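Here is a short briefing to read alongside the model. Take a look at the sequence and the structure first, and then we can walk through some local features together.

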Amino acid sequence: MNLKQLRYFVTICEEGQITAAAKRLHIKQPLLSYEIKQLELELETSLFIRGPRGISLTDAGKVLKPYAEQITELSDVAKTKVKYLDKGISGSLSIGSISSSINKLPNQRLLKLKKYYPNIAINVIEGNTYKLLGYLEKGLIDLAILRTPFSSKGVIGYYFDKEPMVAVSAKNNQKDTVSLPDKYLKIDDLSNKPLIIYRRFKELIENTFRNLGFNPLIVVRCDDARTSLDWAKVGFGTAIVPKSAILQVENEGEKDIEFREIKEKALETQLAIMWRRDDSFNPLTENFLKMFIGK
């Protein structure tokens, strides 16, 4: 089992098809199939179930996938740090970033880092809070921009201001979405509406509704705030996302959705930039944090 095979395996997982993976990797499909077959022979098990509409992971493939992702990520981080050190670049940082951190990373203050590190290299690793927290705890990344709630065991950091959740709906589908003249909503306004939620907020949303005497009607669960917005846009229901998650679609001039702020403190969340509790910072990391936080 080598790094190339693991990288091929991860790419197939992401693409869902051998043909698409081979195209992305710029190699011939027979070569890709051969390498995966060698990997399966070494592991003495099948990793994929081939079907007419693509492939899916076997139980063994599901076990291997997170390990392969971490190994390839760690390889990329190591390669970047060594390469830029050899070229004499001042420093490099690996930063985890969630999709709803658009108003935090990047920001204009970070341009000041050029004064200290004119050739700084920043390696951005994108993922959800749980995935990035795991990377941070394992030392695969230097810093991570996460969203509460999450376990802070082993990590410390700086928390930004709390922000409300918003209800996002398609403008032209009033039957199953929310359209009120007021800019704010209460939980009871959503009591009978089909909801689209970011999976990691499932427990938070369900508990908040039930504490107020309602059972939420959840019709779609997904793993990314932008995906929630896409489902809301086509009229599938009302998405509940952090307020900062709508900044990107606003900046893009999205006109097919509308949103209302939910007046409920129990649903408020925070962005935070975190690092390992036992880390000792180098000057680059210290300067980055000062610029990023703005203090």
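**Helix packing and local backbone features**

Helix H2 (residues 18-25) packs against helix H3 (residues 29-43) at an angle of about 105°, and their axes are 9 Å apart. This is a predicted model, in which local features need pLDDT of at least 70 and side-chain atom pairs count only at pLDDT 80 or more, while totals for chains, interfaces and linings use all residues. Residues are numbered from 1 along each chain as its sequence is written, and side-chain values use heavy atoms, with hydrogens and water left out.

**H2 and H3**
- H2 and H3 are therefore roughly perpendicular to each other (a term for angles of 65 to 115 degrees).
- The axes are lines fitted to C-alpha atoms, for helices over the stretch in contact, and angles run from 0 to 180 degrees between N-to-C directions.
- On the H2 side, Ile18, Thr19, Ala21, Ala22 and Leu25 meet Gln29, Leu32 and Ser33 of H3 (contact means heavy atoms within 4.5 Å).
- The residues of this contact comprise five nonpolar, three polar and no charged.

**Two loop residues with positive phi**
- His26, in the loop between H2 and H3, has a phi near 60°, a positive value in a residue other than glycine.
- His26 counts as exposed at 72% relative accessibility (exposed means over 50% relative accessible area and buried under 20%, with partly exposed in between, using a 1.4 Å probe and protein chains only).
- Glu44, in the loop between H3 and strand E1 (48-51), is not a glycine either, yet has a positive phi of about 60°.
- Glu44 is exposed as well, with a relative accessible area of 71%.

**Helix H6 and its ends**
- Helices (H or I, at least four residues) and strands (E, at least two) are DSSP runs, numbered from the N terminus.
- Buried residues in H6 (residues 129-137) are Thr129, Leu132, Leu133, Gly134, Tyr135 and Leu136.
- The N-terminal end of H6 is capped by Asn128, with a side-chain oxygen 3.2 Å from the backbone nitrogen of Tyr130.
- After H6 comes Gly139, with a positive phi near 80°.

**A cis peptide bond**
- Thr148 and Pro149 are joined by a cis peptide bond, with omega near 0°.
- Pro149 sits in the loop between strand E5 (143-147) and strand E6 (155-163).

**Ser228 in H8**
- Ser228 belongs to helix H8 (residues 225-233) and is buried, with a relative accessible area of 0%.
- Beyond its neighbours within four places in sequence, Ser228 is in contact with Ile196, Ile197, Tyr198, Cys222, Ala239 and Val241.

Technical notes:
Angles under 35 degrees count as roughly parallel, over 145 as roughly antiparallel, 65 to 115 as roughly perpendicular and the rest as oblique. Ala, Val, Leu, Ile, Met, Phe, Trp, Tyr, Cys and Pro count as nonpolar, Asp, Glu, Lys and Arg as charged, and the others, Gly among them, as polar. A polar contact is a pair of N or O atoms within 3.5 Å; within protein, one must be able to donate a hydrogen and the other to accept it, and residues adjacent in sequence count only if both atoms are side-chain atoms.
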